[in-house]
Amino acid sequence: MTSTALSPEPPASWRRYFGFSTDAKVIGIQYIVVAFFFFLVGGLLAMIMRGELITPEADLVDRTVYNGLYTMHGTIMLFLFIFPVLNGLNNLLIPTMIGAPDMAFPRLNTAAFWLVPVFGILLIASFFLPSGPATSGWWSYPPVSLQNPLGHLINGEFLWVLAVALSGVSSIMGAVNFVTTILRMRAPGMGLFRMPVFCWTALAAQTLQLIGLPALTGGAVMLLLDLSVGTSFYRPEGGGDPVLYQHFFWFYSHPAVYVIILPVFGIFSELFPVYSRKPLFGYVYVCLASFIIVGLGLIVWVHHMFPSGVTQWMRNLFMVTTMLIAVPTGVKVFAWLGTLWGGKIRLTTPMLFCLGGLFNFVFAGITGIMLATVPIDIHVSNTYFVVGHFHYVIYGAAVMGVFAAIYHWFPKFTGRMPYEGLGKLHCLLTFVGANLSFLPMHPMGLMGMPRRVSSYDPEFAFWNVLASLGGFLLGVSIIPFLLNMISSWARGPKAPHNPWNAIGLEWLLPSPPAEDNFGEHVPTVISRPYGYGTGEPLVEHQADIERALTLQEAIR
Amino acid sequence: MSSTPVPPSSPSAAHGEGQHANHNLTGFIIFLCSESVIFLAFFSGYAILRLAALDWLPAGVDGLEWRMPLINTVVLVSSSFTMVLAEHFKGKGKIWLFRGFWLLTMAMGAYFLYGQAVEWSGLTFGFTSGTFGGTFYLLTGFHGLHVLTGILLMGLMLAKSFVPGNYDGGEQGVIATSLFWHFVDVIWIILFVLLYVWRA
């Protein structure tokens, strides 16, 4: 560490990406690359499902296989794609944004990352078991999940629970690390209300992980004991209660969508000011709204269980709390609109992804309020309406936000510029594909088509064909992305230290940064972030730092 | 988790490694808060199952014997006080008194585990005896694992006290272990009330 601190040159060897590194920037890229590998696996499963659903008959795959497909698609996309990819962004951005040399616990960070391929392989391995993978959906409700017809000790469900528990361990290790880093390693002068919004949202999201995940882990341990040892926590025949599992599951898994969407709110809040050249509107309120979402997000989980036999007062209570979430979320949406209003907008690839993501998110928010309403929810529960809403949130908003972040910070961490043309093509295909695939799911659901079926009434065929075409378009959309990433990293134009004219500590580092970021020369922060158009410097001696970086680039 | 000692003259001690021990304690406290949620999940699961049960006790079981667990409770709660004494003597620099009381705390923890094992071996119901048996063994077993972890951590800290100069720079490990032990203690009190004091 001390030897590299003296040299301003960024480390060059590509080999460090293939070993046990403790550098957060290497781990971040490892997380993202591994996550996109699993994204392709989960996406392939989705392609098979949409291929099956293009006709009303169950003709492409067997029904049992179809059950395994949607179970594994959901599990892989959540636990092996979206959480790891966000942890990758956290690793890249948190230390550089707050001016820390690395995470608080670098070795814990390495261990947390290497658990991902371990439980990924465990989960994928269940495809090769004689009893096949888990088939009870990504939520794994008993009593379906407790059925073990072949009687094997090692079955798909067993591996599923094991993988989810390991994923929980990995996420907790990550969360302890991120929270400690944000709380204790900020640059001098960077009080909490001078911290970039991405760090605020990461702090909020990781707080949710710390509170919610142990509940899921506890519930999963009890599920595993029921499945393998023969206890009866969830077995009604032994006095147990299957609905208890739903409480444990949703106590975590509803806040989990905030764990996913909060960092994406952070990305929006970082990028809109850069590409509209205005300070973030209502910075303090955007920061605080994240924690109001945390507080409310922990008391809404029963809205997933309105048809599960909960009492009427619980339904009413959780309907109200769920609708209240729209208030802090609305604060953020209007803050972004206020930022864009009258700004000097530059429609770069990251900005286009943000705008598309915001559009989809607002749509998902409206269907979310519909779903929170008890009578509507009971009517559309377990139909494609829910699937459509969820995919608008996760693909339409969260994944588009992640793509925006990747295009925006790609030059910083690879030292190369991504190609704009391919990026815009990727954005167009993603936006059209997502809307074409997920919008038809809403009328489908309102007409009553149940989710998780491989054959359906021919009256739903029209909307299913549209959804399948949109799905295949999403499959195609990933090709320009991969081409762009590989070719621009290999031989894209060299990136300057601040290609987007952005304000933030990470843009005062060379591209790519040295292994310990600022080393011993951490600048002192003297103003709030996002000082666009104000001419106010962010740190002391900012002009000197920028001149040195420009000089260094000129002689390179 | 142990931090590498940094010579005070090293320039990086100013902002990086010098604060590292502090980070360890912060991280550990965050972890403990998170860990308490898993117990909260088990406690609330127990309460929900028990309140909803028609026949809570399985056939042939009259309830739990509470005398032996009460002795255990007294031992575990007093061990928190002996631990505070040990830390007090460490603060005064009386390292041998620290080691003595620390070892006493470990012995009390070990006695607790022994008492738990004796209780388990005398029971007429098993893990699969309905939700009563399931929750009983889950709660006491999971708590017992934490007691064992606490004893192992204390052993580690005791061994480290013999490394010359180990406690000169900081004592985060001892503070963290003691926090963990108090945590295990508080959890047991709640558990004792839920399992043994709560009568139908």
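Predicted model: local features only at pLDDT ≥ 70, side-chain atom pairs only at ≥ 80, totals over all residues.
## Confidence of the model

Chain B has a mean pLDDT of 86, with 86% of its residues at 70 or more.

For chain A the average pLDDT is 94, and 98% of the residues score at least 70. Residues 1–7 of chain A have a pLDDT below 50; beyond near neighbours in sequence, that segment has nine contacts in the model. The scores for the model are ipTM 0.90 and pTM 0.93.

## Architecture of chain A

Chain A contains 17 helices and zero strands. Its radius of gyration is 23 Å, close to the 24 Å that the globule rule gives for 556 residues, so chain A is as compact as a globular protein of that length. Along the principal axes, the C-alpha atoms of chain A fill a box of roughly 70 × 45 × 45 Å.

Of the 556 residues in chain A, 55% count as buried. When contacts in chain A between residues at least 6 apart in sequence are considered, 83% join residues at least 24 apart.

Leaving aside residues up to four places away in sequence, A:Cys199 touches A:Ile94, A:Met97, A:Ile98 and A:Ile182.

The buried residues in α14(A) are A:Gly423, A:His426, A:Cys427, A:Thr430, A:Phe431, A:Gly433, A:Ala434, A:Ser437 and A:Phe438. An α-helix has 3.6 residues a turn, so residues three or four places apart point the same way. The cover over the buried residues of α14(A) includes α11 (349–372), α13 (384–414), α15 (441–447) and α16 (461–491) of chain A.

## Architecture of chain B

The secondary structure of chain B consists of six helices and zero strands, and from the N terminus on the elements run α-α-α-α-α-α. Of the 200 residues of chain B, 29% count as buried. Among contacts in chain B with a separation of 6 or more, 75% involve residues 24 or more positions apart.

Helix α6 (residues 172–197) of chain B has 26 residues and reaches 36 Å from its first C-alpha to its last, close to the 38 Å expected at 1.5 Å a residue. Buried residues in α6(B) include B:Gly173, B:Thr177, B:Trp181, B:Val184, B:Asp185, B:Trp188, B:Leu191 and B:Phe192.

## Interface between the chains

The contact takes 31 residues from chain A and 28 residues from chain B. On the side of chain B that touches chain A, α1 (20–52) and α4 (130–160) of chain B each supply at least two residues. The most is given by α1(B), with 17 residues. By class, this side of chain B has 13 nonpolar, 14 polar and one charged residues.

Key:
Residues numbered from 1 in each chain as written. Chains lettered and ligands numbered in written order. Contact = placed C-beta atoms within 7 Å. Helix = DSSP H or I, 4+ residues; strand = E, 2+ residues; numbered from the N terminus. Nonpolar A, V, L, I, M, F, W, Y, C, P; charged D, E, K, R; others polar. Buried ≥ 20, exposed ≤ 12 C-beta atoms within 10 Å, placed from the backbone. pLDDT = per-residue confidence, 0-100. Rg over C-alpha atoms; globule rule 2.2 N^0.38 Å. Expected span 1.5 Å × (residues − 1).
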